[in-house]
Structures are given as C-alpha cells and as structure tokens.
Amino acid sequence: GTVYILNELRFDLLRVARLGVVEPFEVRLNFEDPEQPNLATVSVLVREREARNFTPQVTYSTDSGLIASVGYSDRNFLGRAQNLGIDISGQTSDNGLQFGGSLTWSVPWLYINVLDFQEVPTSLSVSVFSVVDVDQPLTEDGSRRIAHPCVAAGTCENIEENDVLIGDFVERNTGLRLSVGRPVFEDTVLRVSASGSYSSYALEDPSESCEFNDDGNVVDNDCSLERSDAEEFIPQTGLFTFFSTEMVYDTRDNPEFPASGLRALGRAGIGFGDDFNDPDT
C-alpha cells in the first residue's frame, strides 16, 4: 500500500546481507503488466557465503599444560540461516585428561504455523554444555596461601616461610541455556533468558609436596598441602540458576556505521543456587 523506493530496497538488501548467509549480487525489476507501469516484481539473485568452519586447535603452555579442541560452526544450518556450533575440548591436569564440550543452536526467526510466529519474528537460542576448568587455585579469604598445619601442631615456627599454597582443583559446569526474543513495540525487542548449571569440583593432587629442614620448617613454600589437609577448602558442589530479561530499543539506520538513530539497552536478572564456597558463611 506504499511506494517502495530504491533507498528502502538497498536497506532491505543490507539487512539480508547482514545475516552473513547469502550475498545479493543482482537485482532485477520485472514490469509484468504494461497497463500498470507503477507495479513491478523485484527479483534478487543471491549466492551463499562461506557458512561452515572447522577449527582444530592444539596449544601447550607451562602453566595450563596441553589443550586440544575441535570446533564446527554453520551459519546456514538446514539452509534457513540457523546457527549451529559444536565445540569439544580436552585438557591435561594432575587428575588426568579432562574433556568438555558445548552444543549451541540459534534460530533468527522461528517460522512455524503456531499463534503469530509467522507474522512476528521470534528468535530462539538453545545451548547445552559441560565445560571444565583445571588448575583453579584453592583460597581462604581470598588468599592462596595459609600457614602449614605444622604451625598449629607446634612442629614448625609461625613465620612467613611456612605459608604454603593450599592447592588446585578442577571445576566442571554442566547445564542448559535458553533464550527467546521478539519485538514487543516498534523498534523494541524483548529477550527472556534462563540458564541452569550444576557445578562439581575435584581436588587435584599436589604438584609439589612440602619438604622440611632440620628445624622443622618448610624448605620451599611454593609447595602445596596434602590432599587430606586441602579437601576442606574445596567449594561446595551445587546447582545454580539464573533468569534475565533484556529490552533493546534500536532506531539506528545502520548497526555498523549509523548516521542517525538511537540504541538503548536495559537488563535485569535474578539468580539463586546452593553452589556457594562455604556452607557456613
């Protein structure tokens, strides 16, 4: 019911290209009815961009050891501009090889014949993950060092040289994330997200056990506590959930290089769980 001008056509082609899936390369105007020269069919020819990436990677460092990962991403999954991402990784630790991974699926427009989903662009993103982080330092009141138990036992002196490292642990988070977004007003999109994860912790064997001199003091305080002494400092295993809402107002004429318009963002969330560090405090 309105005039479709050339500037609007260029803007719409830019929005299509911004998806990163196809690239418009030719536009044709077909005037099918000579008696109605004001009506034309716009044909846009496109070609698919590189949408799939396979990324193997291997790194080694003296502090974190060997890390191997394999990633696969597809920005045009099933030919519908859906995003699929798969990541699998393995990492060495004092407790052996630790594996982790994630699977993410995103739909820019959930175009199904239910309610108003075919009229209102509703996005959906789902992610399942089990990620691991090794060599995490144990702490007490924010400090990585405490007095060796020999101080309390009276077999060594209460000096700084007897302040040793508590130890390290492996953290694993396994869970699910879900996000849904849709326009609620003109130029305004509302996103609602929820996530839940289960955190588990495993104590690593001490990389260097403490040795003592003839006076009973620690020879090198870069050593760590024995497992029996370090276990009480491990965080508590538990479940954590988080819910959030996000409102985005965007009137920019171009997200990359805007010449006019305004973008405003508001976010609020609440989380709860029982995976706290200390059950008493």
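1. Start with a charge over a ring. In this predicted model, the charged end of arginine 177 sits over the ring of phenylalanine 129. The distance to the ring centre is 4.2 Å.

2. Look next at arginine 182. This residue lies over the face of phenylalanine 117. Here the distance to the ring centre is 5.9 Å. The cut-off for a charge over a ring is within 6 Å of the ring centre, so this contact counts on distance.

3. Now the aromatic pairs. A search of the whole structure finds four of them. One of the pairs is phenylalanine 169 with tyrosine 201. Their centres are 5.7 Å apart, and their planes make an angle of 65°. Angles over 60 degrees count as edge-to-face, which is why this pair gets that label.

4. Where do phenylalanine 169 and tyrosine 201 sit in the chain? Phenylalanine 169 belongs to strand 10 (residues 168–185), and tyrosine 201 to strand 11 (residues 188–203). They are 32 residues apart, so the pair links distant parts of the chain. Are the two residues buried or exposed? Phenylalanine 169 is buried, and tyrosine 201 is buried too.

5. Follow the two strands. Strand 10 and strand 11 run antiparallel, joined by 16 bridges. For example, glycine 181 has arginine 191 in strand 11 as its bridge partner. The two strands form a hairpin, with two residues between them. In the turn, aspartate 187 has a positive phi of about 65°.

6. Strand 11 also pairs with strand 12 (residues 238–250). They run antiparallel, and twelve bridges join them. Check glycine 196: its bridge partner in strand 12 is threonine 241.

Notes. Residues are numbered from 1 along each chain as its sequence is written. This is a predicted model: local features need pLDDT of at least 70, side-chain atom pairs count only at pLDDT 80 or more; totals for chains, interfaces and linings use all residues. Side-chain values use heavy atoms; hydrogens and water are left out. Rings of Phe, Tyr and Trp (its six-membered ring) pair if their centres lie within 6.5 Å; planes under 30 degrees apart count as stacked, over 60 as edge-to-face and the rest as tilted. Helices (H or I, at least four residues) and strands (E, at least two) are DSSP runs, numbered from the N terminus. Buried means under 20% relative accessible area, exposed over 50%, partly exposed in between (1.4 Å probe, protein chains only). A charge sits over a ring if NZ of Lys or CZ of Arg is within 6 Å of the ring centre and within 35 degrees of the ring normal. Two strands pair if DSSP finds at least two bridges between them.
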